[in-house]
Amino acid sequence: MTFTAGFAGVPAARAHSTDPSDPQANTATRDVRNWLAHLPNRAQNRVVSGQFAGYSGKTFSLAQVNELKAQTGANPGLLGCDYGHDGNTIDHTCNATLKDWSAAGGLVTVSAHLPNPDQPDWNGLFTKLPTFDRLTDRGTGTGQRWHAELDRVAEGLRELADANVPVLFRPLHEMNGDSFWWSAQDPQTFAEVWRDMYTYLTDVKGLHNLLWVYAPDCNYGKRSSYYAGGAYTDVVGLDCYVREPAAVQGYDELVALGKPFAFAEIGPRSGAGGSIEAPLDYGKWIDAIRTRFPATAYFMAWNDQWRPTANTGAGRLMTDPWTIVRGEIATAARTEGAPAPVGTPVPLADFETDTQGWGGYRVLAGPWSVAEWAAQGSRSLKADIDLAALEAYLNRVAPRDLSAYRALTATVRTAEWGDHAAGTTAKLYVRTGAGMTWYDGGAVRIGPDGALLRLDLGRVTDLRDVREIGVLFTSAPGASGRTAVYVDDVAAIAPPTVVSGFESGTDGWTGYLTGTAPASSAEWASEGTRSLRAEIDLAAPESYLNRRAVLDLTGRRVLAVTVRSGASGGTAKLYVKTSASNTWYDAGAVPLSPEPRTLTLNLAAVGSLHDVREIGVQFERRNGGSGTAPIFVDEVTVR
């Protein structure tokens, strides 16, 4: 945060999607990483709440955490401490509290505003280090001082490791901004420093309780440029101080890296002198997570004037059904399933007024529309079932054409009561055609936290003649007693709307400062067989491919495009211009390479969506170059 006074070529990842990057991670650390990866599959209790408690040996205190508990009735699930702050010392006396917090069922995170190795004082913390590349060279004074700092950090982390405390470790954060000595460095050099730091603390110091958190600043571009790779990272996130949480950019870019996602710092935006511009309604953060950023596994609010209790909406943030507080963390309880597919959900049943034609088969009673639980809105469909009967169904038998959709989703759960033995599972299914052919999305273990069920429709025949949609609940052998099952938010997922696919021409797109006019080309395509291609001068600072036409994007949430370059280096920005004044909005710069990248623009940040005048991609080459190279744009979509 701001204080008050490339992907480079990386080794192949050595971790599975739910495993830590460190193959020797201890069991407790492995369990936390696995649990975080599964949280987005839940229907509720899926985002861990967090609160920063201050700088170790300086301002660290539970006073503001206790204030949050007094105001909302809940402790945050995640407690944060920083090992450095004043620019010349490293302290880890906060460890005693972190150990107590972990023992009480909470998670802990450690950040580190470490001293500038060449200027260890307050000003040095904010002065860009010109010898950053020497950090990995222990033969230099800079490298020696840096590794002495890492030794001191390792002492604190070792104390936590010895107490079996997993640590979400977040060093060198906001590297894409301009605040600190490590900020705005060469991205490839930064990645090398990160890997060296990772190897030193993990392999040399033998710290196997760390989950490494990569956290750029959401208010700057190049958010993924500094990423050192999946073999050296466990969580990706954004530090965000904003007026409107729903308008945050960079979520899709970071989620695409394939790691659990977090908002590693949040708070209201600061103005001149470090004071906040205006109080922030923290309830907007949980609203934004639910509607715009559903893969979020945790958030951490900053302290002091940025803390929820110094602003508004703390109660709504902490008591939302999605929010996990201390006492609700059980790392062995992992909800299986799959995230919702990309596209536009079209509601099929929300049960807000009645059962909407849904019935039950092999149920004891019901189904009814009830207000005791809901995945969205205020009501869901409920039925009582006999667990010893092994199977029960909630379904709707009626003809429906689903040929325009790519998937079905539904959110389900069981009640807490009843003996579920090894656990109850659920399948989302359809039956099609006169033969009532059965297709399902596979069994998913469910419980009181609920789970998202998904059925991909690409393999389903007779989609124009769907006769039944339902959920099959199956008990485990040995289950007994009565329980309740719930279904809510049944939706069909429409694929993104294609604005331009370039299959038969340029679709009205033109080039500016390009070496050749853009043309539809069969050389490469992200979808179909063709894309838009143009040559650019690698010595030129910028080039554009764009389409000038009035477009109404009212009600749309995300604009996306896939791009690639024939040469490595440079960045690309997806942008729109709106209204007669041609107001510019972009999603920030994303590193460009011969590998395709999908650029996304969160349209919540865009004004005058009813009057979009231009959509385009700006290609920039800030480091110079020579010759020419092709650039490609394909599959411009909205959802």
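Are Y251 and F293 buried or exposed? Both are buried, meaning under 20% relative accessible area, with exposed over 50% and partly exposed in between (1.4 Å probe, protein chains only).

A word on the model: this is a predicted one, where local features need pLDDT of at least 70, side-chain atom pairs count only at pLDDT 80 or more, and totals for chains, interfaces and linings use all residues. Residues are numbered from 1 along each chain as its sequence is written, and side-chain values use heavy atoms, with hydrogens and water left out.

**View A. The ring pair of Y251 and F293.** The structure holds 33 aromatic pairs; Phe, Tyr and Trp rings (for Trp, the six-membered one) pair if their centres lie within 6.5 Å, and planes under 30 degrees apart count as stacked, over 60 as edge-to-face and the rest as tilted. Y251 and F293 make a tilted pair, 5.1 Å centre to centre with 55° between the planes. This pair links distant parts of the chain, 42 residues apart: Y251 is in helix 7 (residues 251-255), F293 in the loop between helix 8 (283-291) and strand 9 (296-301). Helices (H or I, at least four residues) and strands (E, at least two) are DSSP runs, numbered from the N terminus.

**View B. The ring pair of Y512 and Y544.** Here's another tilted pair, with 5.7 Å between centres and 45° between planes. Y512 sits in strand 24 (residues 509-512) and Y544 in strand 27, 32 residues apart. Y512 is partly exposed because its relative accessibility is 49%, while Y544, at 12%, counts as buried.

**View C. N546 in strand 27.** N546 belongs to strand 27 (residues 542-551) and is buried, with a relative accessible area of 10%. Its side chain makes a polar contact with the side chain of E614 at 3.1 Å (N or O atoms within 3.5 Å, where within protein one must be able to donate a hydrogen and the other to accept it, and residues adjacent in sequence count only if both atoms are side-chain atoms). Leaving aside neighbours within four places in sequence, N546 is also in contact (heavy atoms within 4.5 Å) with residues including W509, Y575 and I615.

**View D. Arginines over rings.** The charged end of R326 sits over the ring of W101, 4.2 Å from its centre. R413 lies over the face of Y486, at 4.9 Å from the ring centre. The cut-off: NZ of Lys or CZ of Arg within 6 Å of the ring centre and within 35 degrees of the ring normal.
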